[in-house]
Amino acid sequence: MSRLKDYTYVSIQFALIVIYFLAFNYRIGGTPLWMQVCSGVMIVIGVALVIVPILQLNKFISVFPTPVDGSKLIMTGAFKYIRHPIYAGIVLGGVGIAFMVNNFIQLLIVILLYLLFEVKSEYEEEQLSKVFSVYEGYKKRTYKFIPGFR
């Protein structure tokens with residue numbers, strides 16, 4: 001059953017990402033300079049929140065929510081503050097791009113992606129709790145996606 005959930009979550013995630021980039025040309029007008037700057041900052045932070053944790057996870061990275069055999073629980077770097085920094089980075093960068101190009105459809109897709117990450121991360125945390133006895137304590141000390149929001 002867990003393999004089916006893994007493949008289902010990842011399939012929906014990739015479908016939403018593909019649709020997001022296919023909707024790239026549906027703009028609703030110009031974007032003010034201040035919004036472009038704010039969007040650019042969001043994109044840069046989002047990319048960093050994806051790349052740094054991928055490097056931290058190293059050989060234990062997986063698109064699936066079930067932990068890789070032999071993996072270690074990383075609780076440093078981005079993971080010191082956020083349990084799911086890659087998901088947070090994807091959402092933040094996605095919102096930044098949608099705002100920068102003034103694309104309402106992309107923004108809606110990012111909202112759907114965020115909702116998927118909420119469900120996927122709950123399942124992932126169940127799996128991590130089974131593998132790592134310290135996960136529940138780690139979960140209490142950190143934020144899910146955004147520091148300051150439990």
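Mentor: Buried means under 20% relative accessible area, exposed means over 50%, and partly exposed lies in between, with a 1.4 Å probe and protein chains only. This is a predicted model, in which local features need pLDDT of at least 70 and side-chain atom pairs count only at pLDDT 80 or more, while totals for chains, interfaces and linings use all residues. Residues are numbered from 1 along each chain as its sequence is written, and side-chain values use heavy atoms, with hydrogens and water left out.

Trainee: Is Phe99 buried, exposed or partly exposed?

Mentor: Phe99 has a relative accessible area of 31% and is therefore partly exposed. This residue is found in helix 3; helices (H or I, at least four residues) and strands (E, at least two) are DSSP runs, numbered from the N terminus. Phe99 and Gly30 are 69 residues apart in sequence, and their C-alpha atoms are 10 Å apart in space.

Trainee: Where is Gly94, and is Gly94 buried or exposed?

Mentor: Gly94 is also placed in helix 3. Its relative accessible area is 8%, so Gly94 is buried. From Gly94 to Met35 there are 59 residues along the chain and 14 Å between the C-alpha atoms.

Trainee: How should I read the pairing of helix 2 with helix 3, and at what angle do their axes cross?

Mentor: Two packed helices are described by the angle between their axes and the distance between the axes. Here, the axes of helix 2 (residues 33-57) and helix 3 (residues 85-100) come within 7 Å and cross at roughly 155°. Axes are lines fitted to C-alpha atoms, for helices over the stretch in contact, and angles run from 0 to 180 degrees between N-to-C directions. Helix 2 and helix 3 are therefore roughly antiparallel to each other (under 35 degrees counts as roughly parallel, over 145 as roughly antiparallel, 65 to 115 as roughly perpendicular and the rest as oblique).

Trainee: What is the handedness of the crossing of helix 2 and helix 3, and how do the residues of the contact divide?

Mentor: The crossing of helix 2 and helix 3 is left-handed, meaning that the near helix is turned anticlockwise from the far one by less than a right angle; clockwise would be right-handed. The contact of helix 2 with helix 3 has 18 nonpolar residues, 7 polar and no charged. Ala, Val, Leu, Ile, Met, Phe, Trp, Tyr, Cys and Pro count as nonpolar, Asp, Glu, Lys and Arg as charged, and the others, Gly among them, as polar.

Trainee: Which residues of helix 1 are buried?

Mentor: An α-helix has 3.6 residues a turn, so residues three or four places apart point the same way. In helix 1, the buried residues are Asp6, Tyr9, Val10, Gln13, Leu16 and Tyr20. Seen down the axis of helix 1, these buried residues fall within an arc of 125°, so they line one face of the helix; the arc is that of the directions from the helix axis to the C-beta atoms. Leu4 and Leu22 are exposed on the other side of helix 1.

Trainee: How does helix 1 sit against helix 4?

Mentor: Their axes come within 9 Å and cross at roughly 165°. That makes helix 1 roughly antiparallel to helix 4. The crossing of helix 1 and helix 4 is left-handed. Ile105 is placed in helix 4, and at 39% relative accessibility Ile105 counts as partly exposed.

Trainee: What is the phi of Asn58 and of Asn102?

Mentor: Most residues other than glycine have a negative phi, and most peptide bonds are trans. Asn58 has a positive phi of about 55°, and Asn102 has a positive phi of about 60°. Asn58 lies in the loop between helix 2 and helix 3 and is exposed, with a relative accessible area of 56%. Asn102 lies in the loop between helix 3 and helix 4 (104-131) and, at 18% relative accessibility, counts as buried.
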